[in-house]
Amino acid sequence: MERRSFLKNAGAGLAAGSVAMPAIAQNAPTIKWRLASSFPKSLDTIYGGAEYMAKRVAEATGGKFQIQVFAGGEIVPGPAVFDAVKDGTVEMGHTVSYYFFGKDPTYALETAVPFGMTNRQMDAWMRHGNGTKLLGAFFAKSNIMTIPCGNTTTQMGGWYRKEIKTADDLKGLKIRIGGFAGAVLSKLGAVPQQIPGGDIYPALEKGTIDAAEWIGPYDDQKLGFNKVAKFYYYPGWWEGGPQVSAYVSLKKWAELPKEYQTILLLACADAHVDMVAKYDAKNPTALKQLVGSGTQLKQFPKEVMDACYKAAMELYAETSAKNAEFKKVYDDYKKFMDDQNLWMRIAEGAYTNYMYSKR
């Protein structure tokens, strides 16, 4: 199946699949898959995205195609999801590809990179640009097919024990952060730490780390970070629109009936939209509650943002010079983003800035 043409028509939703469900279910095989998530069960948003997707698949097949979701650590640790799908330990995964930056920085482009695309821009690149084609060819080398299955939208800049007033305040800072952003902050003297979501709170509480970024107000409040760090910074310049992905073993994908392939893609598309809507609905209330309970909301100073931007651009140039695969994908990504920013600055940017000024 050509994923690009399919995704263009995904707006039809699962309603169409539901209409045809009895005919599909009568002669369809019973298939049971396992999915390893990189996220803890406590997060009904990002972990819940996989459960939502699996529920839709089961509903659309009359229960014939079952996907059992396992939280990070139940089958494999969260950071091991990539290898679990690649090696056939599980049929599916639900994760963010920048976790696997250490294998190849190109993987980060499937999720988010510093000063990169927003959720809407990423969707446009994946559906109507070259994102699906370029990333699909790259992941296929590892026996993995990726399907967009969620987005957290622009994230917060994290929790800090001390204020960040200048770029010098980043020197020696031990911060939990993933992907390309850690490499950028390293250039400024910070010490990035790769820590799974469920282990961040104790590390911050014990002082093993000085700061931590996760997602945004709703999830951060659930994990209790405001109890162990009082300064909450924004924006998360490293995650303008991080895409969450369903990983599927290419071998197992090829074994699926075509109807099941279609249903799985539709279910992922539905879960993708649902996750965005859920974060947008829940973050405002959580942020007000955090600030009301004493959290000090801070915007990164322009000096800090400019220093990080400069370091990021240097890193992209350095990485492109020594990694041809990264350069091929990033050049296309960057060109598409530049055009998107030109358009959105004129239309949506002007509109939203005016509306914000009226609050």
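The lining of the largest pocket brings together 14 nonpolar, 16 polar and five charged residues. Keep in mind as you explore it that this is a predicted model. The pocket has a volume of about 1,400 Å³, and 35 residues line it.

Now let us turn to a pair of helices. Helix α7 covers residues 180-187 and helix α12 covers residues 302-322; their axes come within 9 Å and cross at roughly 115 degrees. Angles of 65 to 115 degrees count as roughly perpendicular, which is why α7 is described as roughly perpendicular to α12. The crossing of α7 past α12 is right-handed.

What holds the two sides of this meeting point in contact can be read residue by residue. On the α7 side, the contact is made by Phe180, Ala183, Val184, Leu185 and Lys187. Facing them from α12 are Cys308, Ala311, Ala312, Glu314, Leu315, Tyr316, Glu318 and Thr319. Sorted by class, the contact between α7 and α12 has nine nonpolar residues, one polar residue and three charged ones.

Definitions and conventions:
Residues numbered from 1 in each chain as written. Predicted model: local features only at pLDDT ≥ 70, side-chain atom pairs only at ≥ 80, totals over all residues. Heavy atoms only, no water. Axes fitted to C-alpha atoms, helices over the stretch in contact; angles between N-to-C directions. Helix = DSSP H or I, 4+ residues; strand = E, 2+ residues; numbered from the N terminus. Parallel < 35°, antiparallel > 145°, perpendicular 65-115°, else oblique. Left-handed = near helix turned anticlockwise from the far one by under 90°. Contact = heavy atoms within 4.5 Å. Nonpolar A, V, L, I, M, F, W, Y, C, P; charged D, E, K, R; others polar. 1 Å grid on protein atoms, 1.4 Å probe; cavity = no way out; pocket = protein on both sides within 12 Å on 5 of 7 lines; lining within 4 Å. Points joined across faces, edges and corners; volume = space filled by probe spheres on them.
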